[in-house]
Amino acid sequence: MAPASADLGDGTYRNPVLDADWSDPDLLCVGDDFYLTASSFGRAPGLPLLHSRDLVNWTLVGHALQLLEPAREFSRPRHDYGVWAPSLRHHDDRFWIFWGDPDHGIFQVNAPEIRGPWTWPHLVKEGKGFIDACPLWDEETGEAYLVHAWAKSRAGVKNRLTGHRMRPDGTGLLDEGKVIIDGDRIPGWFTLEGPKAYRHDGWFWIFAPAGGVETGWQGAFRSRGFFGPYEERVVLAQGDTEVNGPHQGGWVRTGAGEDWFVHFQQRGPYGRVVHLQPMRWGDGGTSRSNEAESGGGRPVLGDEGAPVAVHRKPRLPPQPPSAPATDDDFPGGRFGRQWQWTANPPPSSRLRSSRGDPHDGWATQHSGDGLRLSCVRTADAHDLRRLPNVLTQRLPGSPATVEVELRLDSEEPRARAGLAVLGDAFSWIGLQREADGSVRLVHRFAESVAMGAPPTPLGQWGRERDAALPREAPEGRARLWIESGAGARCRFSYDVGGGRQSSGQVFAATSWRWVGALLGLFALAPVGGGHAGAASFTQFRITSSSR
């Protein structure tokens, strides 16, 4: 079943236009096409690339980052690390993506086409605490600039934006940088971050959110010079709506001359869903500046600065309803673009790849349909949060039913495979090979852990426990379901040949600190020698219960 589209079919759309964790979105328009990217943190491949012709109906067309750098450091799961708040630009007939990794610095990749080939990541500015990087090429002067925010957890400072002159080829910076907007000097502003830089009507503009992920607002700053001084204005806030913290995103102008703005909304276990707001240039918003003295218009977002729930679509040619794919039949053993591993694969897996895909070693190709995952041997079988070989996709932001067929082909005792809801807490249902050769249906879970908590003396973050008593699976196969209801409260069920049966208690999905809960497929085996066999997944489906 195709995922639900935000297009209502009557010339209007409903927010969110991307109802899943497409965190920290940025977008641009090239010709008749719109492209969007988002944070991907520690998952591989990273930097998703989405395409639309009308800003409402989107499809996922690829990724710009096949492996995270440094590759060895991301060979294990680092769920809240890696790619933070990328910026997508088009300059000199190339697509560019800049992002900040809070532990390593500012990177960029570029490509002649949105589908690639993308360059290997280039480190533009090395150091800790640099996040939310955005380039700006001034077409009037030929100058290039870069602005970024700060992560206090790494640098000890935040609530400020630093600007640099940049080499026009995007390979490096030309100065030590200067604080161009200091949020501590603006009454009531805190956690200023996520800048997006533009040139418009003779002004340098920086769109930047403040106030925190869950309750913040969107600001717009302008100056006659890139390095300031800047005037600020709040251009989007929750107001009387139900859209908390409507901020951090990008502005785009259509070929018809309309202006639009995308931003995220933090929705707990679902992560950051994406909204589309109309935008115009006028006198809306609130500022300490005097409009008459400053001159020119200011951006007005949404309904006079408040988010819209339903609105007229952009004046663009009609498009068929679409949304990023979720279902997968895994033709030839290949998985769709919607899937990401929880970390980089090991070098040995890359070498085994027969098609140049660095993620192919954990998923074996074959002539039929269905995903065949190798039962990877691991000492961390008790904790899916620590496994790099979990194949994931985003949890839908509205009630839905997830189902998949599983067959366990491994003969290895204690080998297991299953379907999971993965976050700071996790729960999974699947099959396990017992010492006597039988296969059982098992359902297990682990509770949340404190953010940043060290392992227990046993080296574990909350060992998993049974969510229900094991059941015999005499044919070594099962149909598995997860029903995600309001608030991402999940009910598990299965069929091992006697009809569908419910399993365990309701499980409340949880996010990590910055990443929404994920759906995952996995196969593993205990530490030992030799190949441990595989598990096969077929007919993965997500059916929307409502929108």
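In the predicted model, ring pairs join Tyr198, Trp205, Phe207, Trp251, Phe261 and Trp281 into a cluster. The structure as a whole contains 28 aromatic pairs. A pair of aromatic rings is described by two quantities, the distance of the centres and the angle of the planes. For Trp99 and Phe107 the ring centres are 5.6 Å apart and the planes meet at 15 degrees, so this pair is stacked. Planes under 30 degrees apart count as stacked. Trp99 has a relative accessibility of 3% and counts as buried, and Phe107 is buried with a relative accessible area of 7%. A further stacked pair is made by Tyr145 and Phe226, with 4.3 Å from centre to centre and 25 degrees between the planes. Tyr145 belongs to strand E11 (residues 144-150) and Phe226 to the loop between E16 and E17, so the pair ties together parts that are 81 residues apart in sequence. Both Tyr145 and Phe226 are buried.

Phe261, a member of the aromatic cluster, is also one of the residues of strand E19 that are buried. Strand E19 spans residues 259-266, and eight of its eight residues are buried, so the strand is largely enclosed by the rest of the structure. Burial applies to both faces of E19. On one side are Asp259, Phe261, His263 and Gln265, and on the other are Trp260, Val262, Phe264 and Gln266.

Strands of a sheet pair through backbone hydrogen bonds, either parallel or antiparallel. E18 and E19 run antiparallel and are joined by six bridges. Within this pairing, Gly250 stands opposite Val262 in E19. The hairpin of E18 and E19 has five residues between the strands, and Gly257 takes a positive phi near 90 degrees there. E19 also pairs with strand E20 (residues 272-282), in the antiparallel sense and over eight bridges. Here Gln266 stands opposite Arg272 in E20. E19 and E20 likewise form a hairpin with five residues between them, and Gly268 in its turn has a positive phi of about 55 degrees.

Seven bridges connect strand E15 (residues 203-210) to strand E16 (residues 217-223) in the antiparallel sense. Among the partners in this pairing, Ile206 has Phe221 in E16 as its bridge partner.

The second largest pocket holds about 560 Å³ of space. Its lining consists of 20 residues, and those nearest the centre are Arg89, His90, Leu136, Tyr198 and Arg199. Two or more lining residues come from each of strand E2 (26-30), strand E6 (84-91), strand E10 (130-137), strand E14 (196-200) and strand E18 (247-253). By residue class, the lining of the second largest pocket comprises 12 nonpolar, two polar and six charged residues.

A search of the whole structure finds two cavities of 30 Å³ or more. The largest cavity has a volume of about 380 Å³. It is lined by 26 residues, of which Pro3, Asp19, Pro324, Thr326 and Pro396 are the closest to its centre. At least two lining residues are supplied by strand E27 (391-394), and at least two by strand E37 (534-544). E37 gives the most to this lining, with three residues. The lining of the largest cavity divides into 16 nonpolar, seven polar and three charged residues.

The second largest cavity contains about 50 Å³ of space. Its lining is made up of Leu65, Leu68, Glu69, Phe74, Gly82, Val83, Trp99, Asp101, Phe107 and Pro121. Trp99 and Phe107, both part of this lining, are the two residues of the stacked pair with ring centres 5.6 Å apart. Seven residues of the lining of the second largest cavity are nonpolar, one is polar and two are charged.

Methods:
Residues numbered from 1 in each chain as written. Predicted model: local features only at pLDDT ≥ 70, side-chain atom pairs only at ≥ 80, totals over all residues. Heavy atoms only, no water. 1 Å grid on protein atoms, 1.4 Å probe; cavity = no way out; pocket = protein on both sides within 12 Å on 5 of 7 lines; lining within 4 Å. Points joined across faces, edges and corners; volume = space filled by probe spheres on them. Helix = DSSP H or I, 4+ residues; strand = E, 2+ residues; numbered from the N terminus. Nonpolar A, V, L, I, M, F, W, Y, C, P; charged D, E, K, R; others polar. Pairing = 2+ DSSP bridges. Phe/Tyr/Trp six-rings, centres within 6.5 Å; stacked < 30°, edge-to-face > 60°. Buried < 20%, exposed > 50% of the residue type's maximum accessible area, 1.4 Å probe, protein only.
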